[in-house]
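Subject: A structure to look at

Hi there,

Here is the structure I promised to pass on to you. Please open it next to this email and follow along as you read.

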Amino acid sequence: MAAKAISSPVPVDWYPTLAVVMVAVGLMFTASFFIYEATSSRRSRSLAKEIATAAIASVFLGFGSLFVLLASGVYV
Amino acid sequence: MATQPPPPRRVAALLLVLVLVLVLVLVASASASASATSADLVVTRADRRVDLTSHIVRVLTSLKVENIGPEAASQVLLAFPNVQAKNLAAIRAFGMEGKVKGPSTVLPIEVVQPSGVPPELTFFSASLSKALEKGKILHMDVLTVFTHSLQPFPEEITQAESQLVVYQDSAHYLSPYPVKVQTLSIRLPGGRVESYTKYPNTKLAESELKYGPFEDRPPFSYSPMVVHFENNNPFAVAKEVIREIEISHWGNVQITEHYNIVHGGAKLKGEFSRIDYQSRPYVRGVSSFRHLIARLPPRAHSIYYRDEIGNISTSHMWSDSKKTQLEVEPRFPLFGGWQTTFTIGYGLPLQDFVFNSDGKRFLNITFGSPVEEILIENLIVKVVLPEGSKDIDVSVPFPAKQWKEVKYSHLDTSGRPVVVLEKPDVIPEHNLYFQVHYRFNNISVLREPMMLITGFFLLFMACIVYMHTDLSISKNSPSYLAKVQWDEVQNITQQIQAIFERCLALHDKLEASLRDLSRSGDVQSCKAARKAADAQFKELAKELKPLLTSLHSSPQSYQIWPKVEDLVAKERELQEKLMARHSTVVDSFEKKLRGQDVENRIATQQQKVAALRQEVESLLEYINSSRFPVDNPEAD
């Protein structure tokens with residue numbers, strides 16, 4: 001019964017790089033979301049666009065904050 | 001500290017063998033009954049080597065057992081007095097048949113209760129894999145480790161004195177079988193020997209005390225011996241060690257160990273003088289110890305050493321490819337009876353310790369503490385598995401109490417399952433590998449990022465909801481006013497639209513009257529129709545006027561106003577053109593002109609009329625269907 005070693009799904013050396021990249025992209029999408037909210041007026045807002053931008057931003061921010069935690073040693 | 005003499009090669013080699021081998025050490029329950037009587041076996045030679053250099057006493061007994069009885073023997077009995085058996089922490093036996101240099105097999109040991117023996121003795125039975133035939137000789141090595149066997153005597157010493165301890169044993173090997181030849185050799189840690197029991201053939205030479213050889217002793221022969229000697233080696237006793245092993249599938253096994261260390265030797269009496277200690281530590285403070293050395297696995301990272309106060313900076317670390325050696329120095333040296341608590345933590349890479357086999361994962365890690373030569377009175381090992389682990393079971397090479405708990409840590413919803421193992425009297429010989437098997441779904445690794453993503457998404461949702469709702473309460477607020485005005489504008493526009501629809505209907509009627517005229521030739525009715533249409537146009541214009549003024553005055557109409565103005569102007573033009581055309585047609589009909597001339601006269605007018613009508617209709621469409629924003633000065 002051969003025992004295969006288990007390692008993390010993403011190489012551990014990549015954690016800091018991934019953290020920075022994902023948080024940066026997430027913040028860009030967050031900025032886009034808030035700019036859209038600020039410049040559009042009530043009648044011309046499109047709910048689909050809002051939710052799409054929010055979803056993408058939250059995915060990137062979620063993964064980014066996870067990698068920030070892992071890179072700083074809090075292995076969640 | 002006194003330097004230690006190098007260990008005999010044989011003892012070191014056997015110790016290495018036992019560290020590499022997993023074996024059952026102690027079974028709590030009594031087991032199979034004793035087989036054939038003890039008279040069948042004879043111990044032809046028994047050599048005992050007792051190692052008293054550390055506070056943990058190790059006795060290596062080399063036996064040559066011969067079977068002189070008629071039956072084959074399947075087990076060998078080992079006896080210990082109850083006072084010694086109470087302190088027995090580990091017992092291991094290795095057997096080799098025939099030549100001394102052959103490979104040795106590990107013999108499982110069990111506690112037994114044979115009949116007809118003195119009650120003050122505890123018996124262990126080593127089961128032989130191959131029964132020992134009549135006439136054959138078995139070479140057996142038994143390693144026994146005793147704790148708390150060195151009694152400090154005197155029990156209290158001052159700072160300047162060195163520690164003297166007493167060891168009691170039997171000069172004759174206590175065995176249920178007769179022993180032909182036996183020797184006893186005790187290795188002392190150097191330093192002075194206060195006293196020892198003197199038998200005729202006792203020799204003390206260079207820290208080694210030899211008793212024997214004794215010949216032809218009957219079974220259960222016991223002759224007490226006592227040696228009182230100086231032992232200043234560290235008596236590190238941990239009252240309790242809690243070792244927490246936390247697995248994270250993102251690539252780390254984090255180990256946190258809490259120690260409560262006590263100097264288990266002679267207690268310090270009188271006062272402690274720091275000046276004396278620092279000026280001449282080898283004279284004033286011989287019995288104390290300062291350093292503890294821990295051997296951690298290789299590739300250990302993020303090592304910290306702290307206690308309740310904070311970080312302790314007196315530590316050193318060396319690492320190579322086989323191990324990471326950590327030397328910690330507590331905040332003060334430990335004298336007899338003094339204690340200190342601290343915590344050591346380190347992280348290990350996941351791939352060295354967690355493996356996958358047959359769909360189940362398992363953790364393979366050492367059980368005991370990495371600190372060298374430490375006696376742990378109560379060891380608690382907690383293995384924290386990630387959230388979502390199921391079917392947990394543990395296999396430990398020796399008996400230990402186990403139970404399950406739950407721990408709530410970072411980003412946890414249902415908590416992490418914890419397996420807790422507890423064992424009393426743990427010595428470095430117990431530092432063997434144990435396994436924890438569990439089942440874990442690969443998708444469950446995404447639980448934590450999903451939680452974070454959901455959290456951020458809810459934040460964004462809250463923003464969206466806030467922007468979409470109108471939270472103002474007062475009737476004078478700009479948004480409410482804007483809404484009201486917007487409704488007004490919508491209303492007026494609808495009314496204007498209705499009026500224009502009627503205008504267009506009138507145009508159609510005029511057209512119809514013209515066609516009637518061409519068909520029936522009735523000029524009078526045509527003229528009458530035109531007059532009626534004219535009157536109605538004037539009426540509609542009158543109705544339109546107040547609506548137009550109110551629309552113009554409403555602040556929300558600024559976008560639609562130009563279109564409405566345009567519409568009104570075009571409608572007026574259209575009316576004029578239509579009327580002109582109508583009168584031209586009627587006149588020409590009265591003058592009885594031919595159809596072709598009529599057509600010529602009204603040709604240009606017809607074109608213009610048609611174009612204007614198109615424009616009017618398209619403007620009406622636009623006003624009807626356009627949705628244009630309300631300008632709200634407050635929000636948006």
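This is a predicted model: local features need pLDDT of at least 70, side-chain atom pairs count only at pLDDT 80 or more; totals for chains, interfaces and linings use all residues.

Let's begin with chain A. An unreviewed UniProt entry gives the annotation "transmembrane region" to residues 14-39 and 51-75 of chain A.

Residues are numbered from 1 along each chain as its sequence is written, chains are lettered from A and ligands numbered from 1 in the order in which they are written, and side-chain values use heavy atoms, with hydrogens and water left out.

**The annotated spans and helix 1**

For residues 51-75 of chain A, the end C-alpha atoms are 31 Å apart, with 84% helix and 0% strand. Helices (H or I, at least four residues) and strands (E, at least two) are DSSP runs, numbered from the N terminus.

Helix 1 of chain A (residues 15-39) has 25 residues. From first C-alpha to last, helix 1 reaches 36 Å, close to the 36 Å expected at 1.5 Å a residue; the expected span is 1.5 Å times one less than the number of residues.

Which residues of helix 1 of chain A are buried? They are Y15(A), A19(A), M22(A), G26(A), T30(A), F33(A), Y36(A) and E37(A). Buried means under 20% relative accessible area, exposed over 50%, and partly exposed in between (1.4 Å probe, protein chains only). As a general point, an α-helix has 3.6 residues a turn, so residues three or four places apart point the same way. The cover over the buried residues of helix 1 includes helix 2 (47-71) of chain A and helix 4 (447-468) of chain B.

F63(A) sits in helix 2 of chain A. Between F63(A) and A19(A) there are 44 residues in sequence but 7.8 Å in space, C-alpha to C-alpha. Leaving out residues up to four places away in sequence, F63(A) touches M22(A), L446(B), P449(B) and I453(B), where contact means heavy atoms within 4.5 Å.

On a 1 Å grid over the protein atoms alone, a cavity is a set of points where a 1.4 Å probe fits but cannot get out; a pocket is an open set with protein on both sides within 12 Å along at least five of seven lines, and lining residues have an atom within 4 Å of a point. Grid points are joined across faces, edges and corners, and a volume is the space filled by probe spheres set on the points.

The second largest pocket has a volume of about 360 Å³. It is lined by 17 residues, with H148(B), L150(B), P152(B), G264(B) and G265(B) nearest its centre. This lining divides into 7 nonpolar, 6 polar and 4 charged residues. Here Ala, Val, Leu, Ile, Met, Phe, Trp, Tyr, Cys and Pro count as nonpolar, Asp, Glu, Lys and Arg as charged, and the others, Gly among them, as polar.

How many cavities of 30 Å³ or more does the structure hold? There are 3. The largest cavity has a volume of about 170 Å³, and R48(B), F80(B), Q84(B), D169(B) and Y173(B) lie nearest its centre among 18 lining residues. Strand 3 of chain B gives the largest share of that lining, 4 residues.

The second largest cavity has a volume of about 100 Å³. Of its 13 lining residues, V76(A), H249(B), P386(B), F440(B) and E448(B) are the closest to the centre.

**Some residues of chain B**

T256(B) is in strand 18 of chain B and counts as buried because its relative accessibility is 14%.

The peptide bond from F153(B) to P154(B) is cis, with omega near 15 degrees. P154(B) lies in the loop between strand 9 and strand 10 (156-157) of chain B.

S207(B) is not a glycine, yet has a positive phi of about 60 degrees. S207(B) is partly exposed, at 22% relative accessible area.

Enjoy exploring!

Technical notes: UniProt positions are given in the numbering used here, feature names are shortened, and annotations may be inferred rather than shown by experiment.
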